[in-house]
Amino acid sequence: MRGYLLIESRDPFESTGAARTCELAIELRAAGHDVALFLVQNGVLAVRSGARRTELDKVLGTKIEVLADDFSLRERGIAPASLSGGVKAAPIDSVVERMAAGWNAIWH
Amino acid sequence: MKVLQIVETAYRATTEEQDDTVIWISHAMRGASAELGVLLTGNAVNYVAGEQDGSGLMLGAWRQTQPPAPAQDLAALMRKDVPVYCVREDLAERGLMECKLLEGIVLMSRNQLSRLFAEYDLQRRW
Amino acid sequence: MATKHTLTFVLMDAPFESARTTTAFRLLHAALDRGYDVNVFAYEGAVALSFAKQAQHPNAVHGRDVAQEDHPLSKNWIAALMAHARTRGADLKWVNCGLCVDERGVGEAIEGARRGSPADCWKMAQQSTATLVIPTK
(Lines give C-alpha, C1' and ligand atoms only; values in the text may rest on other atoms or scores of the structure.)
Protein backbone atom coordinates (compact mmCIF):
# COMPACT_ATOMS: atom_id res chain seq x y z
CA MET A 1 0.00 0.00 0.00
CA ARG A 2 1.09 3.53 -0.69
CA GLY A 3 2.79 5.59 2.00
CA TYR A 4 1.51 9.05 2.88
CA LEU A 5 3.66 11.92 4.03
CA LEU A 6 1.51 14.67 5.49
CA ILE A 7 3.38 17.94 5.77
CA GLU A 8 1.89 20.34 8.30
CA SER A 9 3.12 23.92 8.10
CA ARG A 10 0.43 25.69 10.13
CA ASP A 11 0.40 26.59 13.79
CA PRO A 12 -2.21 24.32 15.43
CA PHE A 13 -3.22 27.13 17.76
CA GLU A 14 -4.14 29.31 14.78
CA SER A 15 -5.65 26.86 12.38
CA THR A 16 -8.18 24.08 12.83
CA GLY A 17 -6.68 22.69 9.63
CA ALA A 18 -3.73 21.33 11.57
CA ALA A 19 -6.14 19.22 13.62
CA ARG A 20 -7.74 17.93 10.42
CA THR A 21 -4.30 16.87 9.19
CA CYS A 22 -3.82 14.86 12.38
CA GLU A 23 -7.22 13.22 11.95
CA LEU A 24 -6.40 12.35 8.34
CA ALA A 25 -3.09 10.84 9.41
CA ILE A 26 -4.87 8.60 11.91
CA GLU A 27 -7.50 7.53 9.37
CA LEU A 28 -4.92 6.68 6.73
CA ARG A 29 -2.93 4.67 9.25
CA ALA A 30 -6.07 2.83 10.35
CA ALA A 31 -6.68 1.95 6.69
CA GLY A 32 -3.31 0.20 6.63
CA HIS A 33 -1.09 2.78 4.96
CA ASP A 34 2.34 3.82 6.18
CA VAL A 35 2.00 7.38 7.38
CA ALA A 36 4.47 10.00 8.51
CA LEU A 37 3.72 13.53 9.68
CA PHE A 38 6.37 16.15 8.96
CA LEU A 39 5.95 19.40 10.87
CA VAL A 40 7.56 22.45 9.32
CA GLN A 41 7.46 26.26 9.71
CA ASN A 42 4.92 27.25 12.37
CA GLY A 43 3.70 23.67 12.46
CA VAL A 44 6.55 22.92 14.86
CA LEU A 45 5.07 25.23 17.51
CA ALA A 46 2.96 22.27 18.60
CA VAL A 47 5.94 20.30 19.83
CA ARG A 48 7.60 22.56 22.36
CA SER A 49 7.26 20.72 25.67
CA GLY A 50 4.76 22.61 27.78
CA ALA A 51 2.63 23.56 24.78
CA ARG A 52 -1.10 23.02 25.26
CA ARG A 53 -2.15 19.58 24.20
CA THR A 54 -3.44 19.31 20.67
CA GLU A 55 -4.71 16.69 18.24
CA LEU A 56 -1.06 15.86 17.73
CA ASP A 57 -1.15 13.90 20.99
CA LYS A 58 -3.55 11.43 19.39
CA VAL A 59 -1.13 10.96 16.49
CA LEU A 60 1.74 10.39 18.91
CA GLY A 61 -0.29 7.60 20.47
CA THR A 62 -0.23 5.65 17.20
CA LYS A 63 2.51 4.13 15.04
CA ILE A 64 2.68 7.27 12.89
CA GLU A 65 6.16 8.73 12.70
CA VAL A 66 6.13 12.40 13.72
CA LEU A 67 9.07 14.46 12.52
CA ALA A 68 9.81 18.14 13.08
CA ASP A 69 11.98 20.12 10.66
CA ASP A 70 15.26 20.89 12.38
CA PHE A 71 15.66 24.32 10.76
CA SER A 72 12.12 25.38 11.76
CA LEU A 73 12.79 24.25 15.34
CA ARG A 74 16.04 26.20 15.58
CA GLU A 75 14.49 29.27 13.97
CA ARG A 76 11.87 29.25 16.74
CA GLY A 77 14.24 28.55 19.62
CA ILE A 78 12.91 25.03 20.24
CA ALA A 79 15.78 22.79 21.30
CA PRO A 80 15.58 19.12 20.23
CA ALA A 81 15.93 18.17 23.90
CA SER A 82 12.70 20.05 24.68
CA LEU A 83 10.47 18.29 22.14
CA SER A 84 7.29 16.56 23.22
CA GLY A 85 7.81 12.86 23.71
CA GLY A 86 7.73 10.85 20.49
CA VAL A 87 8.62 13.71 18.14
CA LYS A 88 11.95 13.56 16.35
CA ALA A 89 13.86 16.48 14.90
CA ALA A 90 14.61 15.69 11.25
CA PRO A 91 16.24 17.33 8.24
CA ILE A 92 14.18 18.48 5.26
CA ASP A 93 15.76 15.58 3.38
CA SER A 94 13.24 13.37 5.16
CA VAL A 95 10.59 14.75 2.80
CA VAL A 96 12.69 14.19 -0.30
CA GLU A 97 13.58 10.68 0.85
CA ARG A 98 9.96 9.65 1.15
CA MET A 99 8.99 11.29 -2.14
CA ALA A 100 11.75 9.32 -3.84
CA ALA A 101 10.36 6.19 -2.21
CA GLY A 102 7.05 6.88 -3.93
CA TRP A 103 5.11 8.21 -0.95
CA ASN A 104 2.29 10.63 -1.62
CA ALA A 105 3.32 13.95 -0.13
CA ILE A 106 0.50 16.31 0.82
CA TRP A 107 1.11 19.82 2.08
CA HIS A 108 -1.07 21.74 4.47
CA MET B 1 -1.48 60.10 16.67
CA LYS B 2 -0.58 56.88 18.46
CA VAL B 3 -0.76 53.65 16.48
CA LEU B 4 -0.81 50.09 17.80
CA GLN B 5 0.84 47.70 15.35
CA ILE B 6 -0.61 44.21 15.75
CA VAL B 7 1.56 41.32 14.58
CA GLU B 8 -0.16 37.96 14.45
CA THR B 9 1.85 35.79 12.08
CA ALA B 10 5.46 34.99 12.78
CA TYR B 11 8.17 34.01 10.27
CA ARG B 12 5.95 34.96 7.34
CA ALA B 13 8.83 35.59 4.88
CA THR B 14 11.50 36.45 7.38
CA THR B 15 14.25 34.43 5.69
CA GLU B 16 13.74 36.08 2.31
CA GLU B 17 13.32 39.56 3.77
CA GLN B 18 15.91 39.07 6.51
CA ASP B 19 13.46 40.85 8.78
CA ASP B 20 9.93 40.51 10.06
CA THR B 21 8.41 43.09 7.74
CA VAL B 22 6.05 44.52 10.37
CA ILE B 23 8.78 44.95 12.96
CA TRP B 24 10.89 46.49 10.19
CA ILE B 25 8.28 48.98 9.09
CA SER B 26 7.65 49.86 12.73
CA HIS B 27 11.34 50.76 13.01
CA ALA B 28 11.11 52.84 9.85
CA MET B 29 7.98 54.63 11.09
CA ARG B 30 9.62 55.30 14.45
CA GLY B 31 12.52 56.76 12.54
CA ALA B 32 9.98 59.16 11.03
CA SER B 33 8.86 60.09 14.58
CA ALA B 34 5.74 57.93 14.69
CA GLU B 35 4.33 57.15 18.11
CA LEU B 36 3.84 53.41 18.18
CA GLY B 37 3.20 50.35 20.24
CA VAL B 38 3.60 46.75 19.04
CA LEU B 39 1.25 44.00 20.13
CA LEU B 40 2.33 40.40 19.50
CA THR B 41 -0.53 37.92 19.36
CA GLY B 42 -1.07 34.44 17.99
CA ASN B 43 2.13 32.73 16.96
CA ALA B 44 3.95 36.08 16.73
CA VAL B 45 4.48 35.73 20.50
CA ASN B 46 7.24 33.29 19.59
CA TYR B 47 9.31 36.31 18.60
CA VAL B 48 10.07 36.89 22.30
CA ALA B 49 11.44 33.38 22.78
CA GLY B 50 15.10 33.00 23.62
CA GLU B 51 17.57 31.09 21.42
CA GLN B 52 15.90 31.79 18.08
CA ASP B 53 18.43 31.08 15.35
CA GLY B 54 17.47 31.38 11.70
CA SER B 55 21.02 31.35 10.41
CA GLY B 56 22.76 28.88 8.15
CA LEU B 57 20.53 28.70 5.08
CA MET B 58 22.43 27.36 2.06
CA LEU B 59 21.00 26.87 -1.43
CA GLY B 60 23.62 25.56 -3.81
CA ALA B 61 26.58 27.90 -3.37
CA TRP B 62 24.38 30.70 -2.04
CA ARG B 63 24.75 31.42 1.67
CA GLN B 64 22.62 33.74 3.80
CA THR B 65 24.88 36.32 5.37
CA GLN B 66 22.26 38.39 7.25
CA PRO B 67 19.76 36.02 8.88
CA PRO B 68 16.71 37.55 10.54
CA ALA B 69 16.86 38.28 14.27
CA PRO B 70 13.34 39.21 15.38
CA ALA B 71 14.03 39.20 19.13
CA GLN B 72 16.95 41.59 18.70
CA ASP B 73 14.84 43.81 16.47
CA LEU B 74 12.10 43.97 19.12
CA ALA B 75 14.70 44.83 21.76
CA ALA B 76 15.92 47.63 19.50
CA LEU B 77 12.35 48.93 19.15
CA MET B 78 11.99 49.01 22.91
CA ARG B 79 15.22 51.02 23.12
CA LYS B 80 13.48 53.55 20.85
CA ASP B 81 10.66 53.80 23.43
CA VAL B 82 8.21 51.62 21.53
CA PRO B 83 6.42 49.40 24.04
CA VAL B 84 6.08 45.75 23.03
CA TYR B 85 3.07 43.90 24.40
CA CYS B 86 2.58 40.17 24.30
CA VAL B 87 -0.61 38.18 24.90
CA ARG B 88 -0.09 35.95 27.92
CA GLU B 89 -2.55 33.26 26.86
CA ASP B 90 -0.87 32.89 23.45
CA LEU B 91 2.48 32.40 25.18
CA ALA B 92 1.00 29.87 27.62
CA GLU B 93 -0.68 27.69 25.02
CA ARG B 94 2.62 27.43 23.15
CA GLY B 95 4.56 26.45 26.27
CA LEU B 96 6.48 29.71 26.29
CA MET B 97 5.69 30.84 29.82
CA GLU B 98 8.22 28.28 31.02
CA CYS B 99 10.94 29.66 28.74
CA LYS B 100 13.34 32.56 28.98
CA LEU B 101 11.64 35.50 27.28
CA LEU B 102 12.88 38.81 25.92
CA GLU B 103 13.29 41.33 28.74
CA GLY B 104 11.12 44.40 28.81
CA ILE B 105 8.00 43.05 27.12
CA VAL B 106 4.65 43.84 28.70
CA LEU B 107 2.45 40.79 29.21
CA MET B 108 -1.25 41.36 28.67
CA SER B 109 -4.19 39.05 29.05
CA ARG B 110 -6.74 38.88 26.25
CA ASN B 111 -9.34 40.49 28.49
CA GLN B 112 -7.08 43.54 28.85
CA LEU B 113 -6.80 44.19 25.11
CA SER B 114 -9.78 46.54 24.91
CA ARG B 115 -8.10 48.77 27.50
CA LEU B 116 -4.86 48.63 25.54
CA PHE B 117 -6.67 49.55 22.33
CA ALA B 118 -8.16 52.56 24.10
CA GLU B 119 -4.65 53.93 24.69
CA TYR B 120 -4.07 54.17 20.92
CA ASP B 121 -5.78 56.25 18.25
CA LEU B 122 -5.48 53.54 15.61
CA GLN B 123 -4.89 49.81 15.62
CA ARG B 124 -3.34 48.19 12.53
CA ARG B 125 -3.33 44.43 12.21
CA TRP B 126 -0.72 43.41 9.61
CA MET C 1 24.53 2.90 -8.29
CA ALA C 2 21.84 4.98 -6.58
CA THR C 3 18.51 5.19 -8.38
CA LYS C 4 17.94 8.39 -10.35
CA HIS C 5 14.61 9.88 -9.44
CA THR C 6 12.72 12.82 -10.82
CA LEU C 7 10.66 14.88 -8.39
CA THR C 8 8.21 17.59 -9.35
CA PHE C 9 7.28 20.56 -7.19
CA VAL C 10 4.41 22.92 -7.94
CA LEU C 11 4.77 26.32 -6.31
CA MET C 12 2.22 29.10 -5.99
CA ASP C 13 3.59 31.80 -3.71
CA ALA C 14 5.08 35.06 -4.93
CA PRO C 15 8.52 35.90 -3.58
CA PHE C 16 8.84 37.69 -0.27
CA GLU C 17 5.36 36.74 0.95
CA SER C 18 5.56 33.45 2.77
CA ALA C 19 7.82 31.03 4.61
CA ARG C 20 6.62 28.45 2.09
CA THR C 21 9.01 29.91 -0.49
CA THR C 22 12.08 29.29 1.66
CA THR C 23 10.91 25.79 2.55
CA ALA C 24 10.28 25.05 -1.13
CA PHE C 25 13.80 26.09 -2.07
CA ARG C 26 15.25 24.01 0.76
CA LEU C 27 13.40 21.01 -0.68
CA LEU C 28 14.73 21.71 -4.17
CA HIS C 29 18.27 21.92 -2.79
CA ALA C 30 17.84 18.67 -0.84
CA ALA C 31 16.57 16.84 -3.92
CA LEU C 32 19.31 18.16 -6.21
CA ASP C 33 21.94 17.41 -3.58
CA ARG C 34 20.96 13.75 -3.88
CA GLY C 35 21.42 13.95 -7.62
CA TYR C 36 17.72 13.77 -8.38
CA ASP C 37 16.32 15.62 -11.36
CA VAL C 38 13.84 18.26 -10.28
CA ASN C 39 10.97 19.87 -12.14
CA VAL C 40 9.38 23.05 -10.87
CA PHE C 41 6.07 24.27 -12.22
CA ALA C 42 5.61 27.83 -11.04
CA TYR C 43 1.96 28.78 -10.91
CA GLU C 44 0.17 32.00 -9.97
CA GLY C 45 2.41 34.29 -7.87
CA ALA C 46 5.34 31.87 -8.07
CA VAL C 47 5.99 32.92 -11.68
CA ALA C 48 7.63 36.02 -10.18
CA LEU C 49 10.28 33.89 -8.48
CA SER C 50 12.35 33.84 -11.68
CA PHE C 51 11.73 37.48 -12.68
CA ALA C 52 15.02 38.80 -13.99
CA LYS C 53 14.50 42.37 -12.79
CA GLN C 54 14.48 41.66 -9.07
CA ALA C 55 17.01 43.95 -7.42
CA GLN C 56 18.70 44.18 -4.07
CA HIS C 57 18.39 47.25 -1.86
CA PRO C 58 20.07 48.64 1.24
CA ASN C 59 18.51 48.37 4.71
CA ALA C 60 18.60 51.72 6.49
CA VAL C 61 16.86 50.31 9.58
CA HIS C 62 19.91 48.11 10.15
CA GLY C 63 22.40 50.59 8.72
CA ARG C 64 23.46 48.26 5.91
CA ASP C 65 24.32 49.29 2.36
CA VAL C 66 23.34 47.12 -0.60
CA ALA C 67 26.41 44.92 -0.37
CA GLN C 68 26.15 44.48 3.39
CA GLU C 69 22.44 43.70 3.30
CA ASP C 70 23.11 41.08 0.63
CA HIS C 71 19.38 40.74 0.22
CA PRO C 72 18.14 37.34 -0.96
CA LEU C 73 16.55 37.30 -4.38
CA SER C 74 14.67 34.22 -5.52
CA LYS C 75 16.05 34.62 -9.04
CA ASN C 76 19.54 34.19 -7.55
CA TRP C 77 18.36 31.18 -5.59
CA ILE C 78 17.14 29.58 -8.81
CA ALA C 79 20.42 30.31 -10.56
CA ALA C 80 22.39 28.90 -7.62
CA LEU C 81 20.33 25.72 -7.69
CA MET C 82 20.71 25.34 -11.44
CA ALA C 83 24.47 25.55 -10.98
CA HIS C 84 24.30 23.15 -8.04
CA ALA C 85 22.32 20.69 -10.13
CA ARG C 86 25.10 20.59 -12.70
CA THR C 87 27.70 19.80 -10.03
CA ARG C 88 25.54 16.88 -8.88
CA GLY C 89 24.86 15.48 -12.33
CA ALA C 90 21.24 16.51 -12.03
CA ASP C 91 18.86 18.76 -13.91
CA LEU C 92 16.57 21.51 -12.61
CA LYS C 93 13.79 22.38 -15.05
CA TRP C 94 11.90 25.57 -14.19
CA VAL C 95 8.65 26.23 -16.02
CA ASN C 96 6.42 29.26 -15.44
CA CYS C 97 2.71 29.11 -16.24
CA GLY C 98 2.45 31.46 -19.23
CA LEU C 99 -0.92 33.01 -18.49
CA CYS C 100 0.14 33.71 -14.91
CA VAL C 101 3.25 35.39 -16.32
CA ASP C 102 1.16 37.54 -18.66
CA GLU C 103 -1.30 38.77 -16.07
CA ARG C 104 1.55 39.72 -13.74
CA GLY C 105 3.77 41.28 -16.41
CA VAL C 106 6.81 39.28 -15.34
CA GLY C 107 7.76 37.97 -18.74
CA GLU C 108 11.48 38.64 -18.30
CA ALA C 109 12.71 35.54 -16.58
CA ILE C 110 16.30 34.51 -15.89
CA GLU C 111 18.11 32.20 -18.25
CA GLY C 112 17.02 28.63 -17.81
CA ALA C 113 13.44 29.42 -16.75
CA ARG C 114 10.97 28.91 -19.55
CA ARG C 115 7.36 29.69 -20.28
CA GLY C 116 4.90 26.82 -20.29
CA SER C 117 1.35 25.83 -19.55
CA PRO C 118 -0.67 23.53 -17.29
CA ALA C 119 0.01 20.76 -19.80
CA ASP C 120 3.66 20.95 -18.71
CA CYS C 121 2.59 20.53 -15.10
CA TRP C 122 0.70 17.38 -16.03
CA LYS C 123 3.56 16.00 -18.14
CA MET C 124 6.12 16.69 -15.39
CA ALA C 125 4.02 14.86 -12.83
CA GLN C 126 3.57 11.87 -15.12
CA GLN C 127 7.32 11.61 -15.57
CA SER C 128 8.11 11.90 -11.86
CA THR C 129 8.43 9.51 -8.98
CA ALA C 130 6.43 11.96 -6.88
CA THR C 131 4.94 15.43 -7.04
CA LEU C 132 4.43 17.89 -4.21
CA VAL C 133 2.13 20.88 -4.55
CA ILE C 134 2.88 23.67 -2.09
CA PRO C 135 -0.32 25.71 -2.21
CA THR C 136 -0.66 29.34 -1.34
CA LYS C 137 -2.88 30.25 1.59
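**View 1. The contact between chain C and chain B.** In this predicted model, the contact draws 20 residues from chain C and 17 residues from chain B. On the side of chain C that touches chain B, α1 (19-33) and α3 (74-87) of chain C each supply at least two residues. The element that gives the most to this side is α3(C), with six residues.

**View 2. Residue classes on the side of chain C that touches chain B.** Sorted by class, this side of chain C has 10 nonpolar residues, together with seven polar and three charged ones.

**View 3. The secondary structure of chain B.** Chain B comes to five helices and seven strands, and, read from the N terminus on, its elements follow the order β-α-α-β-β-β-α-β-α-β-α-β. Among the contacts in chain B between residues at least 6 apart in sequence, 73% join residues that are at least 24 apart.

View 4. The C-alpha trace of chain B spans about 50 × 35 × 20 Å along its principal axes. How does the radius of gyration of chain B stand against that of a compact globule with 126 residues? Such a globule would have a radius of gyration near 14 Å, and chain B, with 15 Å, agrees with this. Of the 126 residues of chain B, 44% count as buried, where buried means that 20 or more other C-beta atoms lie within 10 Å of a residue's own.

Key. Residues are numbered from 1 along each chain as its sequence is written. Chains are lettered from A and ligands numbered from 1 in the order in which they are written. This is a predicted model: local features need pLDDT of at least 70, side-chain atom pairs count only at pLDDT 80 or more; totals for chains, interfaces and linings use all residues. Two residues are in contact if their C-beta atoms, placed from the backbone, lie within 7 Å. Helices (H or I, at least four residues) and strands (E, at least two) are DSSP runs, numbered from the N terminus. Ala, Val, Leu, Ile, Met, Phe, Trp, Tyr, Cys and Pro count as nonpolar, Asp, Glu, Lys and Arg as charged, and the others, Gly among them, as polar. The radius of gyration is taken over C-alpha atoms; the globule rule is 2.2 Å times the number of residues to the power 0.38. A residue is buried if 20 or more other C-beta atoms lie within 10 Å of its own, exposed if 12 or fewer, and partly exposed in between; C-beta atoms are placed from the backbone.
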